[in-house]
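Take a moment to look at the sequence and the 3D view before reading on.

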Amino acid sequence: MKLATLKNNTRDGQLVVVSRDLSQCIAVPDIAPTLQNALDNWQQAKPLLEEVYIGLNQGILLQALPFEQTQCESPLPRAYQWADGSAYVNHVELVRKARGAEMPESFWTDPLMYQGGSDAFLAPRDPIIMESEEWGIDFEGEVAVVTGDVSMGSKAEEVQDSIRLLMLVNDVSLRGLIPAELGKGFGFFQSKPSSAFSPVAITPDELGNAWHESKVHLPLVSDYNREPFGHPNAGVDMTFNFAELVAHAAKTRPLSAGTIVGSGTVSNKQGTEYGTSIEEGGVGYSCIAERRMIETIRDGQPTTAFMRFGDTIKIEMFDDNGDSIFGAIEQTVESYRG
């Protein structure tokens, strides 16, 4: 099943069911006016939404309308919680190697995770508006899950059925602000502005065999300034799967329905020590910082600049037939004018 939220001049938008080919949609206010409402009443809402989804794909619902990705909010325009992991330890290892630091062994057994701002997500086609290019504007291509209610202390094997939906993420990062902020010893805040999510959220069964071991085994495709930048496989080199990430988030607190848990930047080693760019025949990267880290490790200094005003990023995932699964995050960096 595929779901989206259309803009309608309210904070939480209007829930619509979207056809598998992303061509048609239909509002379902009699079932759930918003996605959060559907998640709060999932046991009752899911079978009714699935019935609409079947009719939509069969083309028998005359009230269906064309689905316009440009009219979408992020599936959850705001959420009770947004917790982002760092499941691809290759990415973490590169960060530390680039600054000459050893990586603690515990990073391979205990996930990193931060709590991001969730009160104002960007729509998937909204611009990334920043005051200064000197802040080191970067994109981060990720996958995320949306959970149902999860009890505190739940184990990984217990939470797999609590994963309701999957989305793609652009976890915007301000690399120039991160060092000083982390240096205070209190975590991210200003350096992690609003994230954007894919136009469509899907139930895991939509992925077929590509969803197993609580991982998405498909490439995550990033085009930077309309040129291929990366297509690493989200199921490869993922040290901690989504069930493990959700369980980590729930160790000391319950998670409410609608909690979003991110994978962190998708990163593949590609059989080499550090990974390889697309130009060099590799699968590339899901953020600029990773490319800069490798340049620093190999060449002594980075040469790839962070994003400038006017730069564009597109993040998408395709099935084996080449069809877009979640729709595309497409954003342009713009200057904040006040």
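The briefing below covers strands, cysteines and salt bridges.

This is a predicted model, in which local features need pLDDT of at least 70 and side-chain atom pairs count only at pLDDT 80 or more, while totals for chains, interfaces and linings use all residues. Residues are numbered from 1 along each chain as its sequence is written, and side-chain values use heavy atoms, with hydrogens and water left out.

- Helices (H or I, at least four residues) and strands (E, at least two) are DSSP runs, numbered from the N terminus.
- Strand S9 covers residues 141-147, and seven of its seven residues are buried; buried means under 20% relative accessible area, exposed over 50% and partly exposed in between (1.4 Å probe, protein chains only).
- In a regular strand the side chains alternate between the two faces of the sheet.
- In S9, Gly141, Val143, Val145 and Thr147 point one way, and Glu142, Ala144 and Val146 point the other way.
- Two strands pair if DSSP finds at least two bridges between them.
- S9 runs antiparallel to strand S10 (residues 163-170), joined by seven bridges, and Glu142 has Val169 as its bridge partner in S10.
- S9 also runs antiparallel to strand S18 (residues 260-262), with three bridges, and here Val146 stands opposite Ile260.

**A five-strand sheet**

- Five strands form an open sheet in the order S7-S20-S19-S16-S17, with mixed pairing.
- Strands S7 (128-130) and S17 (227-230) stand at the edges with a single partner strand each, so one side of each is left without a neighbour in the sheet.
- Within this sheet, S19 (residues 312-316) and S20 (residues 329-335) pair in the antiparallel sense over four bridges, and Ile313 has Gln331 as its bridge partner in S20.

**Cysteines**

- How many disulfides does the count give? The count comes to zero, where a disulfide is a pair of cysteine sulfur atoms within 2.5 Å.
- The sulfur of Cys25 is 7.7 Å from the closest cysteine sulfur, in Cys72, which is too far for a bond.

**Salt bridges**

- The whole structure holds 15 salt bridges, each a side-chain nitrogen of Lys or Arg within 4 Å of a carboxyl oxygen of Asp or Glu.
- Glu140 and Arg175 form a salt bridge, with their closest N and O atoms 3.3 Å apart, and both residues are buried.
- Arg291 forms a salt bridge with Glu279 (3.4 Å, N to O).
- Arg291 is buried, with a relative accessible area of 19%, whereas Glu279 is exposed at 58%.
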